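User: I would like to learn how to read strands, sheets and a chain interface in a model. Could you take me through this one?

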Amino acid sequence: METAIEVRDLTVVRGAREVLHGISTDVPRGVITGLLGPSGSGKTTLFRAIVGVQIVSSGTVTVLGKPAGSAELRRRIGYYTQSPSVYTDLTVRENVRYFASLHSLGAAEADSVIREVGLAEQAGQMVSTLSGGQHSRASLACALVTHPEVLVLDEPTVGQDPVLREELWERFRDLAGRGATLVVSSHIMDEANRCDGLILIREGSIVAEGGPDEIKSRTGTDDLDQAFLRLVREQDAESGHGKEVA
Amino acid sequence: MSFAILASTTGRILRQLRHDRRSIGLLIGAPVLLMTLLYFMFEDGGMFDDVVVIVLGIFPFLLMFLVTSIAMLRERTSGTLERLFTTPVGKLDLLFAYGLAFGLAAAVQATVGATVAYVFLDLDTVGSPWFVVLIAVANGLLGVGLGLLCSAFARTEFQAVQFLPVVVIPQILLCGLFVPRDQMAGWLEGVSNVLPLSHGVEALQEVGLHEDPTGVMWRGLGIVVGAVVLALALAAGTLRRRTP
């Protein structure tokens, strides 16, 4: 399968702490890849490196054949940040139309995305007056409106009710079906089952990669939560063993 | 730089401002109220014209600095700046958009302020009111440029406001409003000479005293515009697409 995002020996230091320890992975084109891991494991840092706003210490990130962050990529990538980044002193419609305009898209596209994320009724409302879930969806709409080839979504379904979550995942599936590459971080294992491929990350290192079924069968469990735990224990046992030998 | 992105970003900033009625009230109403106050303070003296022509340049500088530094800081801290840097928006697109949007606000502010001063408060200048407005707008832009630059060195809105006594007030004290610059001690006059607002104020004083634009007026206006360009360039240098 063709690669959309190639990460090679990526090391990132934030403050005095090394957050990513020389990780390498490939994200295939046209599928949904889930990035799973506990809070503080380096998911957001990896995303920031992919969209090109993170200073990296060493290693490379290549997106669609170009170095991450290059000017051309900024027309082809969409980024949804974990804490919603929209203008709270503008209405939903003004926000989405603004982000659409940066990609030379008009009001019609903006209005249709607002409907898709279920904010049609709130379109004229100031973002500061929205509920937490609506606020996030307004931010998501700003990422979706540009029809990016690569969509980087950091916890896009947090705080959404089950019905909306279902709809959003259908929408992600639909986008992948039309050739977009999606990388979605989550800590809900139920959502991990909906991904085509998974990257499990913990403490800045990749614990395992593979499809949900592959990971489940490798660890001999039907439950991804359990699978993750077993992989972590395996890794800890191995590193403990390594220390004894040294 | 992209014209379309510059235009839509300017529009976005103006829409944010439009939703904030109180800030508009502050920008437009406060100078008018304060000039009216001066009018009654100087009821018996002949100083009013000399003071108000200076004040017409100082208010845009002060208020635009305040509003711009907070607006830009919000952009930095709310995550929208980082998000914009993953889109085709360029650093100069963003900074010029702020300059244009708040420059426009400064133009409205200066026009309203000058109209009130000339029509209702009997302001009298030898030179043309149009030059007063032009120089007042330039002083407003100086506030915008310095505000954009200073916001880079603040982490919170609280810290941004603290630049007021450091960056803005010394310029107001030394611009010639309280003591004529040539009557200051030599070293103070030297400091005053390197502060851009002094030259903006000098240009306004020239309009007050001379019928036709003088060389000193043009020089003062030129220095202010140069300082705006310099501040914007330095502010562009503080914007980083990649951060730690």
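Analyst: Let's begin with a term: strands (E, at least two residues) and helices (H or I, at least four) are DSSP runs, numbered from the N terminus. Two strands pair if DSSP finds at least two bridges between them. In this structure, S4(A) and S5(A) form a hairpin with two residues between them, and Leu64(A) in its turn has a positive phi of about 50°. This is a predicted model, in which local features need pLDDT of at least 70 and side-chain atom pairs count only at pLDDT 80 or more, while totals for chains, interfaces and linings use all residues. Residues are numbered from 1 along each chain as its sequence is written, chains are lettered from A and ligands numbered from 1 in the order in which they are written, and side-chain values use heavy atoms, leaving out hydrogens and water.

User: How many bridges join S4(A) to S5(A), and which residue stands opposite Pro67(A)?

Analyst: Two bridges join them, in the antiparallel sense, and Thr62(A) stands opposite Pro67(A). Thr62(A) is also the bridge partner of Glu6(A), where strand S1 (residues 3-14) of chain A pairs antiparallel with S4 (residues 58-63) over five bridges.

User: What is the strand order in the open sheet of six strands?

Analyst: The order is S6-S7-S8-S3-S9-S10 in chain A, with mixed pairing. S6 (77-80) and S10 (205-210) of chain A each have a single partner strand, so one side of each lacks a neighbour in the sheet. Inside the sheet, S3 (residues 32-36) and S9 (residues 197-202) of chain A run parallel, joined by four bridges; Leu35(A) has Ile199(A) as its bridge partner.

User: How do I read the interface, and how many residues of each chain are in contact?

Analyst: Contact means heavy atoms within 4.5 Å. By that rule, 25 residues of chain B touch 30 residues of chain A. Buried area is the accessible area (1.4 Å probe) that two parts lose on being put together, summed over both. Here it is about 2600 Å², with carbon and sulfur atoms giving 53%. In chain B, Arg83(B), Thr86(B) and Arg242(B) lose the most area to chain A, together 30% of what that side buries.

User: How many salt bridges cross the interface?

Analyst: A salt bridge puts a side-chain nitrogen of Lys or Arg within 4 Å of a carboxyl oxygen of Asp or Glu. The rule finds three between chain B and chain A, including Asp89(A) with Arg74(B) at 3.6 Å, N to O.
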